[in-house]
Amino acid sequence: MGSQTTLYCALEEDLDDETGYYYDNCRRIDYMIPEANDDKTAKALWILKLSQLESKVDILINNAGVMACPEWQTEDGFEMQFGTNHLGHFLLTLHLVPLLKKSSAARIVNVSSGLHNFGEIHLNNINLRNGDYHPFFAYGQSKLANVLFSRELAKRLRHTYINTYSLHPGVINTDLSRHFGETDDKLKGKGFMRRNLFLTPFMGSQTTLYCALEEDLDDETGYYYDNCRRIDYMIPEANDDKTAKALWKLSEDFVKLEDHLRI
């Protein structure tokens with residue numbers, strides 16, 4: 001009997017869309033003590049534990065993301081796509097820079113998207129409030145932020161042995177586009193396209209692995225890649241160092257970055 005809740009969490013199909021929750025007697029428990037819902041404490045403990053377990057980090061791949069969701073907010077009140085796709089990576093990376101610096105040759109790989117070409121950094125309304133939110137363009141802004149973050153990070157780490165890269169992985173048959181069906185009825189029958197035109201996850205990981213492992217990139221940093229090739233002709237917004245610096249400062253303020261993590 002004591003195994004039932006464990007098996008419920010491991011096998012129950014009704015939990016496919018749930019993650020990170022706590023369960024008791026085969027039921028999700030939503031009313032937890034405040035300490036159990038403290039994401040900031042969880043993050044600090046995770047970083048501390050990693051520092052105790054690992055003497056260095058050689059490769060960091062920032063791949064977590066959400067795409068074209070409804071107008072949601074993170075727990076801290078940021079627009080969901082900007083908060084998840086950019087701020088989360090920004091904060092995690094700066095927490096791990098001390099361990100990355102201990103490597104003889106470290107790499108930071110930020111998975112962006114070709115849709116950064118449709119993005120614009122709205123410095124005065126980064127959360128796209130007051131009617132400015134559109135799922136597609138919010139995604140483009142967050143992916144452009146990935147490119148600018150990699151570019152500015154490379155400049156700030158130029159005197160270290162850490163290289164940075166951003167990339168377009170391709171259009172991959174994963175659950176990333178699950179929110180399209182909520183906003184566009186025409187895309188609900190997209191099963192055929194997904195199966196026949198989208199990349200498999202294996203194929204879609206190749207440019208990420210190329211940036212993480214290819215020895216020919218040892219002397220390259222801050223660039224953007226697509227289909228395992230460096231792309232030198234970018235939209236002007238992706239090469240805008242002034243906006244990259246302003247985005248960096250804004251991100252520092254948003255995540256309340258501690259002084260010892262600033263670079």
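Start with helices α3 and α4, whose crossing is right-handed. The model you have open is predicted.

**Stop 1: α3 against α4**

Select residues 80-100 for α3 and residues 135-156 for α4. Look along the two axes. They come within 7 Å and cross at roughly 20°. Angles under 35 degrees count as roughly parallel, and α3 and α4 are therefore roughly parallel to each other.

Now show side chains at the contact. From α3, pick Gln-81, Phe-82, Asn-85, His-86, His-89, Phe-90 and Thr-93. From α4, pick Pro-135, Ala-138, Tyr-139, Gln-141, Ser-142, Lys-143, Ala-145, Asn-146, Phe-149 and Leu-153. Colour them by class: the contact has eight nonpolar, eight polar and one charged residues.

**Stop 2**

**Stop 3: Ile-172**

Move to the loop between β5 (162-168) and α5 (180-183), and select Ile-172 there. Then select Thr-200, which is 28 residues away along the chain. The C-alpha atoms of Ile-172 and Thr-200 are separated by 5.8 Å.

Which residues is Ile-172 in contact with, leaving aside its neighbours within four places in sequence? Show Phe-198, Leu-199, Thr-200, Pro-201 and Gly-204.

Terms used:
Residues are numbered from 1 along each chain as its sequence is written. This is a predicted model: local features need pLDDT of at least 70, side-chain atom pairs count only at pLDDT 80 or more; totals for chains, interfaces and linings use all residues. Side-chain values use heavy atoms; hydrogens and water are left out. Axes are lines fitted to C-alpha atoms, for helices over the stretch in contact, and angles run from 0 to 180 degrees between N-to-C directions. Helices (H or I, at least four residues) and strands (E, at least two) are DSSP runs, numbered from the N terminus. Angles under 35 degrees count as roughly parallel, over 145 as roughly antiparallel, 65 to 115 as roughly perpendicular and the rest as oblique. A crossing is left-handed if the near helix is turned anticlockwise from the far one by less than a right angle, and right-handed if clockwise. Contact means heavy atoms within 4.5 Å. Ala, Val, Leu, Ile, Met, Phe, Trp, Tyr, Cys and Pro count as nonpolar, Asp, Glu, Lys and Arg as charged, and the others, Gly among them, as polar.
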